[in-house]
Amino acid sequence: MLTLKQSRRLQSVVLGALAWTVALILFFPIFWMILTSFKTEIDAFATPPQLIFHPTLENYLHIQERSDYFHFAWNSVAIAFGSTIIGMLLAVPAAYSMAFHETRLTKQTLLWMLSTKMLPAVGVLMPIYLMTKSLGLLDTKLSLIIIYTLINLPIMVWMVYTYFKDIPKDILEAARLDGATTVQEIVRVLLPISKGGLASTVLLSLILCWNEAFWSLNLTSSSAAPLTALIASYSSPEGLFWAKLSAVSTLACAPILIFGWISQKQLVRGLSFGAVK
Amino acid sequence: MNMLLKALFATAGICAVTYAQAATVTIATVNNSDMIRMQRLSKTFEEQHPDIKLKWVVLEENVLRQRLTTDIATQGGQFDVLTIGMYETGLWGAKGWLEPMKNLPADYDADDLFPSVREGLSVKGTLYALPFYAESSITYYRTDLFKGAGLTMPEQPTWEQLGEFAAKLHQPDKDQYGICLRGKAGWGENMALVGTMANAFGARWFDEKWQPEFTGPEWTKAASFYVDTMKKYGPPGASSNGFNENLALFNSGKCAMWVDASVAGSFTTDKSQSKVADHVGFAASPSQVTDNGSSWLYAWSLAIPSSSKNKEAAQSFATWATSKQYAKLVADKEGIANVPPGTRKSTYSDAYMQAAPFAKVSLSMLEKADPAHPSAKPVPYIGIQYVTIPEFQAIGTSVGKLFSAALTGQMPVEQALQAAQQSTAREMKRAGYPK
């Protein structure tokens, strides 16, 4: 018979092992991509897959020689941050209004906003392409910033709304009694309290923008093409390309992986934001 | 001081004029080694043409097709030079979406182009794209395995012979498979191979009245041979194998034979990526009851969309990249074996034939290819491994999925052919073809 202490310890070990297993399964494709990026093309295609091989940097050298990585990386950064900033500027007031001044249509509005995510992107490719062309925005960062903002806004509003809903209204009322205006309420009271939640919304938006490929491949060609377009350019119809594709994918993922690693504390805090109550 | 100001103004003026005159040519292409080499060597073109600046957009093949179709249909004007195949050239040229390649310089020597390639890129006698490299299909085989088994590959084998060789060389316990063929579904994937195989068996996509013929005896024989041979002597998971997967299998020594694009010749004999580089033999693409259409013809070509804002500069580049001078540049800088193959008769010099052991077979296939007569019977269409009608992409891919399903055993061959007949007939009727 286990004592309570032993039982808790066992539970902790089992849960820990489970968490590690899930984490390793999730990380395995990334690990394999990084590993493949150091293989030759023939090793990358080898069956059974090779764990022991002679590592090479030739794929990275090839990419450096052929592509201007920093041009694509800068486009990704500008588009992801541009879209996230505009998205947050719209999402915070929208979520504030829905969370603290709820009407009978708020729930329906939120559901309707989310339903726009169910539309397959390819269904609106032609109208958006023609609009972008008419506005002279083809192959510009601005077109992707606008589209990514519109794509991610429903999720951002939902997330911020959820965090705001967890904040007691009394706190805002107290600020109002002290003479705070609506803007002051948001900026001085609401935002500092919900910092963790907002950080995770920002991070999620950045990741979604960074990884988006459909619109970036269809609306850009060279000037505004982000890293997703660079990755696609390494797929070859005639010739082995897995190792080079893995190398360019590693380079494309690296900035956002590092960014996520650095801000993981904020992310975890945001995800456990309900504890404020 | 005055002099200095004048000099500064003059320099600024020259810069302004140069800037104003500099045309930017945006080239959309795919990530094939020949195209990447062209990108690398294009600095020479820019040096020769300081008034033209080149911008490269490299895309995945299917994305490229989708992007170009969207851009060209909406007159988006995003690209000045397009890398397209014979199928698109025929369709887009007829619609007036491409600029005709007129007024080519005398030293371009258009008569040096292979007639089959030139005709494949022309609509009613007008050239709409300049061929960058062209390919046919040939048979690759392992000379060491053939020697070991006491077999001899004929110069022009038949599919039946390949089946017999495959049976003798198939040793799955040693990771050695008799024959590797495309199985991945798609009009440009398995249907390129199955289409040419069907041609060799005397089949055709449509009769003279545009009625599909999948339930005829020729298609039945070809499809049964393909599925049976692959099931018995092919590698496992063949239904997901395209060109690259089979190339990897062959290069790692797992295929005794492989029938695919002639462009693989340089990959299979390259020691840096092939474990069997010293043991590769080449033979003609297999025939069966006929030679007609038994080897495919495809040319990656450079075309100029009518929406281009820099047509003159674009033609200047397309002409340079497909010229004899470019071939010489490649030979000088990267070796004669790397000259883009299949487009010009002059490429096949003695030195080239010696450097590229697969060139002889590839050349004979290119010379034989006739897109106007792809089958033993008369056909109402142009194209060997495809049919130059807009509906073909959808039809080819749909039929390709059925062949893939037959290969995995999801349905018997007869059922796949019946379904192919029904879906193709329906699609053609909807498009108003049958007479």
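This is a predicted model: local features need pLDDT of at least 70, side-chain atom pairs count only at pLDDT 80 or more; totals for chains, interfaces and linings use all residues.
How much of the chain is helix and how much is strand over residues 110-130 of chain A, and how far apart are the end C-alpha atoms?

Residues are numbered from 1 along each chain as its sequence is written, and chains are lettered from A and ligands numbered from 1 in the order in which they are written.

**View 1. Annotated segments of chain A.** Over residues 110-130 of chain A the chain is 57% helix and 0% strand, with the end C-alpha atoms 29 Å apart, while residues 142-164 of chain A are 100% helix and 0% strand, with end C-alpha atoms 30 Å apart. The secondary structure of chain A comes to 14 helices and zero strands, where helices (H or I, at least four residues) and strands (E, at least two) are DSSP runs numbered from the N terminus.

View 2. Met33(A) belongs to helix 1 (residues 4-37) of chain A and is partly exposed, having 16 other C-beta atoms within 10 Å. A residue is buried if 20 or more other C-beta atoms lie within 10 Å of its own, exposed if 12 or fewer, and partly exposed in between, with C-beta atoms placed from the backbone. Apart from its neighbours within four places in sequence, Met33(A) is in contact with Ser246(A), Ser249(A) and Thr250(A), two residues being in contact if their C-beta atoms, placed from the backbone, lie within 7 Å. Met33(A) and Val248(A) are 215 residues apart along the chain, and their C-alpha atoms are separated by 9.8 Å.

**View 3. The contact between chain A and chain B.** The contact takes 24 residues from chain A and 30 residues from chain B. On the side of chain A that touches chain B, helix 2, helix 6 (125-134) and helix 11 (214-219) of chain A each supply at least two residues, and helix 6 of chain A gives the most, with three residues. By class, this side of chain A has 12 nonpolar, seven polar and five charged residues; Ala, Val, Leu, Ile, Met, Phe, Trp, Tyr, Cys and Pro count as nonpolar, Asp, Glu, Lys and Arg as charged, and the others, Gly among them, as polar.

**View 4. Helix 10 of chain B and its neighbours.** Helix 10 (residues 243-251) of chain B is mostly covered, with eight of its nine residues buried, including Phe243(B), Leu247(B) and Phe250(B). The buried residues of this helix pack against helix 2 (41-44) of chain A together with strand 6 (130-142), strand 7 (257-261) and helix 11 (264-268) of chain B.

**View 5. Strand 3 of chain B between two partners.** Val81(B) and Thr83(B) point one way from strand 3 (residues 81-84) of chain B, Leu82(B) and Ile84(B) point the other way, and all are buried. Strand 1 (residues 23-30) of chain B runs parallel to strand 3 of chain B and is joined to it by two bridges, with Ala28(B) partnered by Leu82(B). Strand 9 (residues 297-303) of chain B pairs with strand 3 of chain B in the antiparallel sense over three bridges, and there Ile84(B) stands opposite Ser301(B). Two strands pair if DSSP finds at least two bridges between them.

**View 6. Packing of helix 8 against helix 16 in chain B.** Helix 8 (residues 190-200) and helix 16 (residues 392-408) of chain B pack at an angle of about 85°, with their axes 9 Å apart. The two helices are therefore roughly perpendicular to each other. The contact is made by Asn190(B), Met191(B) and Val194(B) of helix 8 and by Gly396(B), Val399(B), Gly400(B), Phe403(B) and Ser404(B) of helix 16, and these residues divide into four nonpolar, four polar and no charged. Axes are lines fitted to C-alpha atoms, for helices over the stretch in contact, and angles run from 0 to 180 degrees between N-to-C directions; angles under 35 degrees count as roughly parallel, over 145 as roughly antiparallel, 65 to 115 as roughly perpendicular and the rest as oblique.
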